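Hi! Here's the structure I promised to pass on. Have a look at it first, then read my notes below.

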Amino acid sequence: MINIFAEANCNRYVRDECQYCHVYEPLMQIPKSDWHLMPEHAQIMVDKILQMEVFRELAKREINLTGGEPSQNPHIVEIFKIFRKLTPNVRIHTNLDISSAASPRWQRLVEIMKMLGRVDFTLYPTVWESRQKPLLKEILGLQDELIVNMIFEKVPDLLSQIEILISFFEEQEKKFESVLSLLGTYRTKLENLIGENPECDEEAFLKHMEGTDNYICTDNFTFGLNMIPGFYVDKNGERAMNAQPFPKDINFLECTIPRGTIEIITVQQTGEITPCCDVGNLKCQPKFGNLLNDSPDEIMSQVEVSRKKMVSGALKNHQNINSGKAGEWVEEGIPPYCV
Ligand code: SF4
């Protein structure tokens with residue numbers, strides 16, 4: 001899967017200026033609204049991706065156009081068409097914080113859905129009723145798939161977002177019964193957990209939720225839930241590795257690269273390719289080169305150099321964690337809790 005920054009200013013809205021957002025710190029440096037990915041840059045990216053097998057295969061699985069808020073990009077429809085040459089699975093991640101169906105941002109999303117692109121959104125309870133809910137109804141009429149991202153700071157907060165979705169789908173047609181059944185399972189499990197163990201740690205949470213599917217797929221609709229713990233990034237750009245819902249636990253990142261696979265890459269505004277989902281908040285130093293400026297050969301040799309650093313760095317992180325030095329940065333420049 002490849003994530004591509006298409007637009008930079010989503011969390012530059014005063015309303016959304018949330019320091020727990022993983023793109024808060026990386027985007028903090030960028031002036032409020034003067035950056036958009038341009039179609040000619042998208043074309044350069046596609047041409048290069050096609051020349052590198054490992055990235056070509058990742059792109060076939062899925063391209064996520066993200067940001068910031070990609071619906072703000074006036075060229076997003078054109079950009080969507082360019083990336084669709086790599087895969088039919090081009091997704092747009094929106095905050096759906098859109099004032100009305102007359103907004104040009106909404107019109108762009110409609111155009112993309114009509115060309116079989118999929119729009120996924122992040123649930124924001126503060127703007128759910130007034131802005132997201134009416135447009136989500138429209139989305140359900142235009143596409144037969146949906147992923148809802150939910151960022152939660154506490155387990156009761158996750159439950160309240162599940163309840164928002166249940167109320168919404170109860171008002172929709174019968175076709176969404178399976179969605180309600182999935183959401184109902186989450187509601188029951190979360191209610192039981194909060195009742196029995198309100199201060200649960202992450203391990204207890206994961207054990208309790210073990211085996212619960214986060215998607216359903218029926219003949220006429222596919223629905224997925226993506227639940228993301230909120231993280232605080234301080235003013236120096238350090239991301240607390242203590243997940244907010246479980247503040248006593250360190251959050252370890254299991255890096256797939258030392259295990260021999262690249263599962264996901266992110267292309268930042270500069271064209272810089274960062275491994276995994278690091279949009280700049282994790283400060284992972286080994287990069288994969290620059291998709292706009294470097295040749296495919298240069299990028300592939302940089303991948304190899306960085307892979308070796310990650311193998312060595314992950315080993316040292318293990319040693320540090322086991323010898324009471326958890327949290328120390330190693331010279332390979334990978335975050336201390338990547339293992
Ligand atoms: S070392 Fe950590 S930040 Fe870097 S690619 Fe691996 S998981 Fe991502």
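**Helix pairs and cores**

Helix α7 (residues 155-170) packs against α8 at an angle of about 150°, and their axes are 9 Å apart. (Axes are lines fitted to C-alpha atoms over the stretch in contact, and angles run from 0 to 180 degrees between N-to-C directions; helices are DSSP runs of H or I, at least four residues, numbered from the N terminus.) So α7 is roughly antiparallel to α8, a label for angles over 145 degrees. The contact residues divide into 15 nonpolar, one polar and four charged. Here Ala, Val, Leu, Ile, Met, Phe, Trp, Tyr, Cys and Pro count as nonpolar, Asp, Glu, Lys and Arg as charged, and the others, Gly among them, as polar.

A quick caution: this is a predicted model, where local features need pLDDT of at least 70, side-chain atom pairs count only at pLDDT 80 or more, and totals for chains, interfaces and linings use all residues. Residues are numbered from 1 along each chain as its sequence is written.

Now the largest nonpolar core: it has 63 residues, and Ile-2, Ile-63, Leu-65, Ile-79, Phe-83 and Val-267 touch the most other members. (Such a core is a set of buried Ala, Val, Leu, Ile, Met, Phe, Trp, Tyr and Cys residues joined through C-beta atoms within 7 Å; buried means 20 or more other C-beta atoms within 10 Å of a residue's own, with C-beta atoms placed from the backbone.) Helix α8 (residues 177-196) gives this core its largest share, six residues. Apart from it lies another core of eight residues, including Cys-255 and Met-310.

Helix α4 (residues 76-83) and helix α5 (residues 104-114) also pack, at about 25° with axes 9 Å apart.

Cheers!

Notes
Buried ≥ 20, exposed ≤ 12 C-beta atoms within 10 Å, placed from the backbone. Helix = DSSP H or I, 4+ residues; strand = E, 2+ residues; numbered from the N terminus. Parallel < 35°, antiparallel > 145°, perpendicular 65-115°, else oblique.
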